[in-house]
Amino acid sequence: MSMASGVEKLNPKWLPARTFVGAQSFPLTLDTGSSDLWVISNECKSADCSNVARYSQSFSTNLSITQMPFHTDYISGSVSGLVAAETVSLGPYQLISQVFGLANCTEGISFSEEGNSGILGLAFPSEMSIPGMTVLQSIFTALPDPYFTITLGSKLNVNSSSSFTLGQIDDLYANDLSDFFTIPVSKAGANDYTYWKISLLYITINSTRISLSPSSVQGVQHSQIAVLDTGTTLALGPTRDVETFWASLGSAARNDPITGMWQVRCEKAIMVGFALGQEDSYREFVLDPADVSWENGASNNGWCLGGIQANDEVDSGDWLLGDNVYSLYHAANSSNGPWIGLLSITNNASALAAFRQSRGPDLDSSTPPAVQIQSAAVSPEVRYKLLYGTSTLCGFIGGVVLTSLFRARRGLWYAFRKQKQK
């Protein structure tokens with residue numbers, strides 16, 4: 001079976017939030033932290049596969065199944081099946097004989113709780129576990145300017161919208177490539193481009209700068225490495241730095257001794273900024289305070305889940321950052337390496353006003369100054385094990401956080417454009 005895929009351009013500019021594999025449409029998780037496409041097969045009988053759309057050979061248009069197995073392990077959960085090829089329709093593009101994984105066994109992935117039927121990886125080909133071309137590679141061959149843009153709406157904000165475009169910009173957010181702040185992608189810790197990695201210089205909390213510990217990525221100096229990963233909605237960072245961050249809030253933050261997760265008073269408005277870029281050219285991007293304090297479904301006697309949590313088990317980067325901005329991911333060309341463009345979609349004053357209207361007054365308006373502290377690591381018995389993929393086969397580096405808790409903020413339909421509800 002040939003694994004080379006052809007590309008045919010269809011007519012519609014915007015299509016509904018579905019990806020077609022054969023004649024079936026599926027909601028998939030968009031994941032810049034992995035490289036493979038896989039969907040759940042109707043051969044899957046595990047509980048994870050219940051209540052979701054599953055691929056059936058009776059709806060095949062061009063299916064070819066090999067006997068080549070694929071398997072990916074996660075810290076909690078796994079997926080396995082066979083390598084196959086089929087016609088995949090993605091927005092205005094039809095990929096002939098696109099290679100993908102047909103998953104017939106999953107454990108601990110919890111897609112049955114989310115309604116998604118698989119994952120569409122958008123990272124670099126070097127992290128692909130299934131031999132052949134990635135979906136992104138296939139489409140990029142047909143694009144004069146190979147890039148995609150993405151922002152995912154928030155379930156905490158009913159007025160937010162989601163957008164995913166290929167080779168063009170969504171004019172709801174930007175007019176031109178020059179609107180974006182551009183940052184070169186880093187190879188840090190690897191010989192090739194693996195994930196969408198950029199430099200993180202420091203963090204601010206309520207305008208107070210917090211210095212970061214040295215990077216754990218080999219060869220990196222003067223900064224840390226952030227991986228932009230649409231598969232996770234929490235910001236995940238080194239334990240030492242996360243402890244410093246929450247300690248700066250004094251009694252307004254606490255660590256749950258059972259889960260090891262950080263919590264914050266639900267009424268506490270926190271404006272957090274990440275300084276991204278290079279030492280001679282960087283910009284601070286500020287989070288919506290609702291993304292730092294998760295009230296929806298997570299309130300516990302006035303305590304909310306913190307949107308920044310500790311994670312020391314990723315070796316390709318120091319931080320995993322989600323999709324709180326409108327972001328552009330550009331492939332390499334003859335003159336430049338790959339780069340990322342970022343554009344803030346958060347109006348700080350409006351976000352703070354909306355947070356205050358929703359949460360009420362801050363009962364403790366004082367915030368201790370941020371200081372660098374030395375603290376002991378959380379013990380193995382107490383530390384919450386973050387559920388992210390670590391298999392080099394799949395290319396997850398914190399990639400898709402596979403719990404309903406971590407997905408609570410996002411609507412993760414695969415979408416070319418989900419218009420703002422009127």
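A search of the whole structure, a predicted model, finds three cavities of 30 Å³ or more. A cavity here is a set of points on a 1 Å grid over the protein atoms alone where a 1.4 Å probe fits but cannot get out. Grid points are joined across faces, edges and corners, and a volume is the space filled by probe spheres set on the points. The largest cavity holds about 220 Å³ of space. Its lining comprises 19 residues, with Leu287, Leu321, Gly322, Asn324 and Val325 nearest the centre; lining residues have an atom within 4 Å of a point. Strands β19 (272-278), β20 (281-286) and β25 (326-330) are the elements that give two or more residues to this lining. By type, the lining of the largest cavity divides into 12 nonpolar, five polar and two charged residues. Ala, Val, Leu, Ile, Met, Phe, Trp, Tyr, Cys and Pro count as nonpolar, Asp, Glu, Lys and Arg as charged, and the others, Gly among them, as polar.

Because the model is predicted, local features need pLDDT of at least 70 and side-chain atom pairs count only at pLDDT 80 or more, while totals for chains, interfaces and linings use all residues. Residues are numbered from 1 along each chain as its sequence is written, and side-chain values use heavy atoms, with hydrogens and water left out.

The protein chain contains four helices and 27 strands. These are DSSP runs numbered from the N terminus (helices H or I, at least four residues; strands E, at least two). Of the 422 residues in the protein chain, 57% are buried. Buried means under 20% relative accessible area, exposed over 50%, and partly exposed in between (1.4 Å probe, protein chains only). Among contacts between residues at least 6 apart in sequence, 74% join residues at least 24 apart; contact means heavy atoms within 4.5 Å.

The largest nonpolar core has 65 residues. Such a core is a set of buried Ala, Val, Leu, Ile, Met, Phe, Trp, Tyr and Cys residues joined through side-chain atoms within 4.5 Å. Phe148, Phe245, Trp246, Phe274, Leu276 and Trp319 touch the most other members. Beyond four places in sequence, Leu276 touches Phe181, Ile183, Ile198, Ser199, Leu200, Ala226, Tyr282, Arg283, Phe285, Leu321 and Leu342. A second, separate core of 15 residues includes Cys44, Val99, Ala103 and Ile109.

Phe285 sits in strand β20. It is buried, with a relative accessible area of 6%. Neighbours within four places aside, Phe285 is in contact with Phe181, Val272, Gly273, Phe274, Leu276, Val325, Leu342, Leu343 and Ser344. Phe285 and Leu342 are 57 residues apart in sequence, yet their C-alpha atoms are 8.8 Å apart in space.

Ile225 belongs to strand β15 (residues 224-228). Its relative accessibility is 2%, so Ile225 counts as buried. Ile225 and Ile198 are 27 residues apart in sequence and 5.7 Å apart in space, C-alpha to C-alpha. Leaving aside neighbours within four places, the contacts of Ile225 include Ser186, Ala188, Lys197, Ile198, Ser199, Val217 and Trp319.

Helix α3 (residues 239-247) is mostly covered, with seven of its nine residues buried. These are Thr239, Asp241, Val242, Glu243, Thr244, Phe245 and Trp246. Two of the buried residues, Phe245 and Trp246, are also among the core members that touch the most others.

Ser97 lies in strand β8 (residues 93-107). Its relative accessible area is 19%, so Ser97 is buried. The side chain of Ser97 makes a polar contact with that of Asn62 (3.2 Å). Ser56 is in the loop between β5 and β6. At 12% relative accessibility, Ser56 counts as buried. Its side chain pairs with the side chain of Asn42 in a polar contact (3.5 Å). Outside four places in sequence, Ser56 is in contact with Gln24 and Asn42.

Positive phi angles occur at two asparagines in loops. Asn51 has a phi of about 65° although it is not a glycine. It is found in the loop between β5 (37-40) and β6 (64-73). Asn51 is exposed, with a relative accessible area of 70%. Asn206 has a positive phi of about 50°. It lies in the loop between β13 (197-205) and β14 (208-210). At 27% relative accessibility, Asn206 counts as partly exposed.

Conventions:
1 Å grid on protein atoms, 1.4 Å probe; cavity = no way out; pocket = protein on both sides within 12 Å on 5 of 7 lines; lining within 4 Å. Polar contact = N/O pair within 3.5 Å; in protein donor to acceptor, adjacent residues only side chain to side chain.
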